[in-house]
Amino acid sequence: MVYIVELPQLILDVKEKLEKDHHRLPVGKNGRDDEDMILWFLKDRKFDVEAAVAKLSKAIKWRQEFGVSELSEESFKRIAGTGKAYIHENLDVNGRPVLIVVASKHFPAKEDPIENQKFCAFLIEKALKRLPNEEGEILGIFDLRGFGIENADLEFLKFMFDVFYCYYPRRLGQVLYVDAPFVFQPLWQLVKPLLKSYASLVRFCSVDTVRKEYFTEATLPTIFRD
């Protein structure tokens, strides 16, 4: 067990090791000296300094290479206009930001996979900014009504879970697969083994469950009102 009094020292140990071994990494928000970010990775690695440094340094490098800090609303006007993914304006009953994906509007064969991946990262960043403080998780909802073979995208699903595991640890609280049709099951059987422990965060449920258990009448997403 790690006591609260030990946390400042552990955070300092990570900062010093990052400065010594990864001094080229940026500083500032989401940089090697960002104490809130360091704490998330320490928690994820069960307060193992070496493991936290290894995972955090990779995450910061990814943010640089992927250009996460440069992603903006302006960058994704076209893809956002499709309505296939967005951040709901209200939090769920547990105070979590909600990332909604409308699977029937996703057509991987006609789209740029890199643009989709960057849009995913942008939405995660946008959701995290809605948290009242550095604590908290995201609720992901996949609306699978009308899902067909042309909407299946194994690579994107794997990318999304990999991003949460590697670069946003402990930020994904739960994923709802809403009204999944029979045709979705083969895709789930392929992706489930790749998710490892994250598979336990997935819940298959109905629209009625979303209405009754995750939102109030006032905060329910429009797509689940009909």
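From which domains does the lining of the largest pocket draw at least three residues each? Some notes on that and a few other spots.

1. The answer is domain 1 (1–69) and domain 2 (75–224), each of which gives at least three residues to the lining of the largest pocket. The domain bounds come from an automatic or database domain assignment. Keep in mind that this is a predicted model, where local features need pLDDT of at least 70 and side-chain atom pairs count only at pLDDT 80 or more, while totals for chains, interfaces and linings use all residues. Numbering starts from 1 along each chain as its sequence is written, and side-chain values use heavy atoms, with hydrogens and water left out.

2. The volume of the largest pocket comes to about 490 Å³. A pocket here is an open set of points on a 1 Å grid over the protein atoms alone, where a 1.4 Å probe fits, with protein on both sides within 12 Å along at least five of seven lines; lining residues have an atom within 4 Å of a point. Grid points are joined across faces, edges and corners, and a volume is the space filled by probe spheres set on the points.

3. What lines this pocket? There are 24 lining residues, and Lys29, Asn30, Arg63, Glu125 and Leu128 lie nearest the centre. Helix H2 (35–44) and helix H5 (113–128) supply at least two residues each; helices (H or I, at least four residues) and strands (E, at least two) are DSSP runs, numbered from the N terminus. By class the lining has eleven nonpolar, three polar and ten charged residues, where Ala, Val, Leu, Ile, Met, Phe, Trp, Tyr, Cys and Pro count as nonpolar, Asp, Glu, Lys and Arg as charged, and the others, Gly among them, as polar.

4. The second largest pocket has about 230 Å³ of volume. This one lies between domain 1 (1–69) and domain 2 (75–224), because both give residues to its lining. Among the lining residues are Asp44, Arg45, Lys46, Glu137 and Tyr165, and the class count is four nonpolar, two polar and five charged.

5. Two backbone spots to look at. Asparagine 30 sits in the loop between helix H1 (7–21) and H2 and has a phi near 65 degrees, positive in a residue other than glycine. With 22% relative accessibility, asparagine 30 is partly exposed (buried is under 20% relative accessible area, exposed over 50%, partly exposed in between, with a 1.4 Å probe and protein chains only). Phenylalanine 47, in the loop between H2 and helix H3 (49–66), also isn't a glycine but has a positive phi of about 65 degrees; its 26% relative accessibility makes it partly exposed.

6. Is strand E3 (residues 138–143) enclosed or open? Six of its six residues are buried, so E3 is largely enclosed by the rest of the structure. Ile138, Gly140 and Phe142 point one way, with Leu139, Ile141 and Asp143 pointing the other.

7. E3 has parallel partners: strand E2 (residues 98–102) through five bridges, and strand E4 (residues 172–178) through six. Strands pair if DSSP finds at least two bridges between them. Aspartate 143 is the bridge partner of valine 102 and stands opposite valine 178 in E4.

8. Last, valine 210 is in helix H8 (residues 207–213) and is buried, at 0% relative accessible area. From lysine 29, valine 210 is 181 residues away in sequence and 35 Å in space, C-alpha to C-alpha.
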